[in-house]
2 protein chains.
Amino acid sequence: MGSTIETILEGRNGKQAVMAPGRRLVVIGERLNPTNRKKLAAQLQAGDMTMARADARRQVEQGADVIDVNVGFAGSDEPVVMAAVVEAVMKEVEVPLCIDSANLQATEAGLKTFAEHGGKKALVNSTTGEDERMGKFLPLAAEYSAAIIGLAHDERGIDFEVDHRLEAAAKILDRAGKYGIPRSDVVIDALTLAVGANTNAGRVTLDTQLRVTTELQANTTSGASNVSFGLPDRKLINLAYLPLLISRGLTSAITNPLEDSIYNVILASDLLMGHDADARRWIEAFRKRRAAEDGSG
Amino acid sequence: MGSTIETILEGRNGKQAVMAPGRRLVVIGERLNPTNRKKLAAQLQAGDMTMARADARRQVEQGADVIDVNVGFAGSDEPVVMAAVVEAVMKEVEVPLCIDSANLQATEAGLKTFAEHGGKKALVNSTTGEDERMGKFLPLAAEYSAAIIGLAHDERGIDFEVDHRLEAAAKILDRAGKYGIPRSDVVIDALTLAVGANTNAGRVTLDTQLRVTTELQANTTSGASNVSFGLPDRKLINLAYLPLLISRGLTSAITNPLEDSIYNVILASDLLMGHDADARRWIEAFRKRRAAEDGSG
């Protein structure tokens, strides 16, 4: 299912994360984000990078292939904070970063700092298919040879029409090309909305996911946890959602690898999709869990 | 994805289980099986139906839509035991039954008893695409107007060629038609083997599943738990496998609804596939779990 297009992100010292059909899911660790984390926001405000560095390191230890850096909080001087956090994180880990901001200057500051500290190819999070946003973020990604996430909606807004989402995704891929960004450097997000608000929300995203994989042959990502918003036992819903997407070709996910149940379901899905030769990663992870239990027991 | 072909099983008093793309997964409860259950085997041997009835009732209470009846154990007079168990289960629950035996006489005894006690359409488990087996089980299913599970392999044995599995499935659908069994009464099992023994085992089944759904447009089932055989943390692997299959069109599964984690991932998958309007079943199940916790706490 799908082509073998490869999105190769690269941090420092040659550390890569490769998205492609036929490879295991790339995990983009989302934990470094001050939303609903007052202590982290206060530290970032004060220029204290202790938690930011620990978040990055722990996520990589737990299996993150890419670290998403989001420093948006009320009162944040986002470009300044982004540069400081990217620098701190680059000293802590070697993996590529995902520069996550709606602020163009903050995104540029993040990309610049990433490059200055030896980073080779970052991921920009994100553009939509809206002309204005593409006109800002695509040239920036091109300038820094970064890959970019494309959210599958345009000026019509977010609706539940698979065709609209596919058109928006195709538009982003096309427009990126005009700025010299190869297809392989655009990662489409089929958009996840709360299934509690609309019964069809999950199905529409899953159907879009399949068509992006088979018709547009692009790599894909998903900020999957929104799907359960407003419903009880959210974690159980999120657990099922990732394999549903992976089965339809998802090649990366923005998620928290520190949540064991989520990370285990990703490992199990990789195994079942044939992306874990001789179950080596599965067995290694099992031994780690066992050792951790023994250590705490 | 797929057509809207419906497999309508029916127990007594009009109690139906309907498999179709676009509907929630039909759960075939597999618990009533003496394999590795010495006490159940001893009861069945002695003609004591206490556990058999309890297994059936509890599974239906937990969400099973169909009860699989398997009475194969060493020393079993299978046709006699099958008839007795089917009769006992029919008195306990109204749902349709899945008559699960490799023994033709036992299968016939089960179908006959099912009909005598008001059952309308049972499911026979199973034929393969082997001529000899089809020649025995298809006429029997036709005689009793039963639906039948078709395991996707033939004389060539079980291998890891998707094409072979698809050919075997197509052959069963075709041959069934010659006996007057409509396509809608054949339920294909893409065959699940242990991923620990062959890295490609999961992928081959998933690819077969997708092609059975889209190319053959048949309803499907899976005895999914084999996939994790021989590996540690089997339950985590099984949890991921069901959504992977469901995302590719699986319309029923042979599983144990008494295992909460398995049943919850099925409910969550139904919700995310758009088969649980307004999340009604999800919320109802949450309330049941909550009440059970309160009761035990």
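1. Basis of the model. This is a predicted model, in which local features need pLDDT of at least 70, side-chain atom pairs count only at pLDDT 80 or more, and totals for chains, interfaces and linings use all residues. Residues are numbered from 1 along each chain as its sequence is written, chains are lettered from A and ligands numbered from 1 in the order in which they are written, and side-chain values use heavy atoms, with hydrogens and water left out.

2. Symmetry. Two copies of a chain are related by a rotation about an axis and a shift along it.

3. Strands of a sheet pair through backbone hydrogen bonds, either parallel or antiparallel. In chain A, 8 strands form an open sheet with parallel pairing, in the order β9-β8-β7-β6-β5-β4-β3-β10. At its edges stand β9 (219–221) and β10 (252–255) of chain A, each with a single partner strand, so one side of each is left without a neighbour in the sheet. From one strand to the next, the twist averages 30 degrees. Strands (E, at least two residues) and helices (H or I, at least four) are DSSP runs numbered from the N terminus, and two strands pair if DSSP finds at least two bridges between them. One such pair is β3 (residues 26–29) and β4 (residues 66–69) of chain A, which are parallel over 2 bridges; I28(A) stands opposite V66(A) in β4(A).

4. The sheet of chain B. Chain B has an open sheet of 8 strands with parallel pairing, in the order β9-β8-β7-β6-β5-β4-β3-β10. Its edge strands, β9 and β10 (252–255) of chain B, each pair on one side only. Strand β3 (residues 26–29) of chain B is joined to β10(B) by 4 bridges, and the two run parallel. V26(B) stands opposite S252(B) in β10(B). Helix α3 (residues 78–92) of chain B packs on the sheet, touching β4 (66–69) and β5 of chain B, and its direction makes about 165 degrees with that of β5(B). Helix α6 (residues 162–178) of chain B also packs on the sheet and touches β6, β7 and β8 (186–189) of chain B; its direction makes about 165 degrees with that of β8(B). Contact means heavy atoms within 4.5 Å; axes are lines fitted to C-alpha atoms, for helices over the stretch in contact, and angles run from 0 to 180 degrees between N-to-C directions.

5. Strand β6 of chain B and its neighbours. In β6(B) (residues 123–127), 5 of 5 residues are buried, where buried means under 20% relative accessible area, exposed over 50%, and partly exposed in between (1.4 Å probe, protein chains only). Strand β5 (residues 97–100) of chain B pairs with β6(B) in the parallel sense over 3 bridges, and C98(B) stands opposite L123(B). The chain crosses from β5(B) to β6(B) through helix α4 (residues 104–116) of chain B, in a right-handed β-α-β crossover. With the strands pointing away from the viewer, right-handed means that the path from the first strand over the helix to the second runs clockwise. Strand β6(B) also pairs with β7 (residues 147–151) of chain B, parallel over 3 bridges; V124(B) has I148(B) as its bridge partner in β7(B). The crossover from β6(B) to β7(B), through helix α5 (residues 131–143) of chain B, is right-handed.

6. Backbone geometry to check. Most residues other than glycine have a negative phi, and most peptide bonds are trans. A cis peptide bond joins N125(A) and S126(A), with omega about 20 degrees, and S126(A) is in strand β6 of chain A. In chain B, a cis peptide bond joins N125(B) and S126(B), with omega about 20 degrees. L191(A), which is not a glycine, has a positive phi of about 75 degrees; L191(A) counts as buried at 9% relative accessibility.
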